[in-house]
Amino acid sequence: MSDEAVAAAWAREDLEALSERGLRRYLEPLDSPQGPVVRVGDETLVNFSSNDYLGLASSPTVRAAALAAVERYGVGTGASRLVVGDTAAHHRLEARLAAFERAEAVRLFNSGYAANTGIIPALVGPGDAVFSDALNHASLVDGCRLSRARVCVYPHADVEALERALAQTPARRKLVVTDTVFSMDGDVAPLRDIATACRAHGAALMVDEAHATGVLGHRGAGLCEELGLEGQVDLRMGTLGKALGVMGAYVATSRAVADLLVSRARPFVFSTALPAHLCAAAEAAVDAVEGDPDLRARLWRNIRRFADGLRVLGVRAEPRSAVFPLILGEPGRALDAARRLREAGVLVKAIRPPTVPEGTSRLRFCLSAAHTVGHVDLALEALRTVGVRRGPD
């Protein structure tokens, strides 16, 4: 039996087990641009599963910036930035993001996953300790593991537990990592208290603003900006692929840390550089976020309307972010609810383990500035009609 046949047998065995548990995933390509209404095969659906929070993924201005850069730089970069993949577009975007974040420096990465799995191991290792919220994104979890530092997982948003762990854990360096907006629950980290705990125990603080960038803050720079904590957070990771509508990620930090990442962050060192046209598109998107506050105003109008409508349906909901989970329990229940909503014209994907803990499969609604009032009301009416209700906590 060939090696390929052995691997195929393993895969078939695992796929069967996943199917039996309702956990097998399938790809489902769109036949339209990303947006509030999408085509999937022969269906036209209102899309509540996208992280395109400001509707910039199909923005004419952002697309025009990308096309102009393709004409100048071509499509691919050909190498890592340390070889010949670096361009002026990368440096312009880093400078623009540093100004946006009010940071000394910014370093680009190809994705949020690449950023988190590169930054944490670049800063801590054996003999150090990293403290991670129990509901942190998988990229933070894997970054902690790859660092080979001691990993202390504290209960979700429990600052007292974090303080005890910081006080009781001996380590050369201590790093606290947390999402600011938790991607599957939509709640917000108690960041002011976490920053205070870090200062008291001499720990560095890294936050993942992926679902806060473009959504929170007076200028859209995230929870750190909203709370005035930019100077108290050592590293702020943001993504270019959610509210900014493009692809890639960055970390806003000190010049010293940004320079260290060039030599030590493995995803930066060993990956072909982000294409220059995506850098140009992201720069245009940042200009739109900072220059058009009406984008966030429309988003928050939709967030508040959806939260109010959920409460009318008897579902607990707070307008804290653009993410609203409807926790249903077992995978089969979430899949069935997603199917019935789809029949009503609403696309909201079922989220199942291991993305979320066992017993908390859910529908995850994401609001966008591009949604109309009619789109929001359609989703609420579909929930009412099909009788979807939150399961036991």
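**Rings and strands: a quick tour**

Buried here means under 20% relative accessible area, with over 50% called exposed and anything in between partly exposed, using a 1.4 Å probe and protein chains only. Keep in mind that this is a predicted model, where local features need pLDDT of at least 70 and side-chain atom pairs count only at pLDDT 80 or more, while totals for chains, interfaces and linings use all residues. Residues are numbered from 1 along each chain as its sequence is written, and side-chain values use heavy atoms, leaving out hydrogens and water.

Helices (H or I, at least four residues) and strands (E, at least two) are DSSP runs, numbered from the N terminus. Rings of Phe, Tyr and Trp (its six-membered ring) pair if their centres lie within 6.5 Å; planes under 30 degrees apart are stacked, over 60 edge-to-face, and the rest tilted.

Take Phe48 and Phe306: they're stacked, 6.4 Å centre to centre, with 20° between the planes. Phe48 sits in the loop between β2 (43-47) and α2 (60-73), and Phe306 in helix α12 (residues 294-312), so this pair ties together parts 258 residues apart in sequence. Phe48 is buried at 0%, and Phe306 is buried at 0% relative accessibility.

Back to Phe109. Its ring centre is 6.1 Å from that of Phe268 and the planes are at 70°, so that pair is edge-to-face. Phe109 belongs to strand β3 (residues 105-109) and Phe268 to helix α10 (residues 266-269), so parts 159 residues apart in sequence get tied together. Phe268 counts as buried too, at 8%.

There's also a cluster: ring pairs link Phe48, Phe306, Phe324 and Phe365.

Now the sheet. Strands of a sheet pair through backbone hydrogen bonds, either parallel or antiparallel. Here we have an open sheet of seven strands, ordered β3-β9-β8-β7-β6-β4-β5, with mixed pairing (two strands pair if DSSP finds at least two bridges between them). At the edges are β3 and β5 (150-154), each pairing on one side only. From one strand to the next, the twist averages 20° (axes are lines fitted to C-alpha atoms, for helices over the stretch in contact, and angles run from 0 to 180 degrees between N-to-C directions; contact means heavy atoms within 4.5 Å).

Zooming in, β4 (residues 129-133) and β6 (residues 174-179) pair in the parallel sense over four bridges. Ser132 has Val177 in β6 as its bridge partner.
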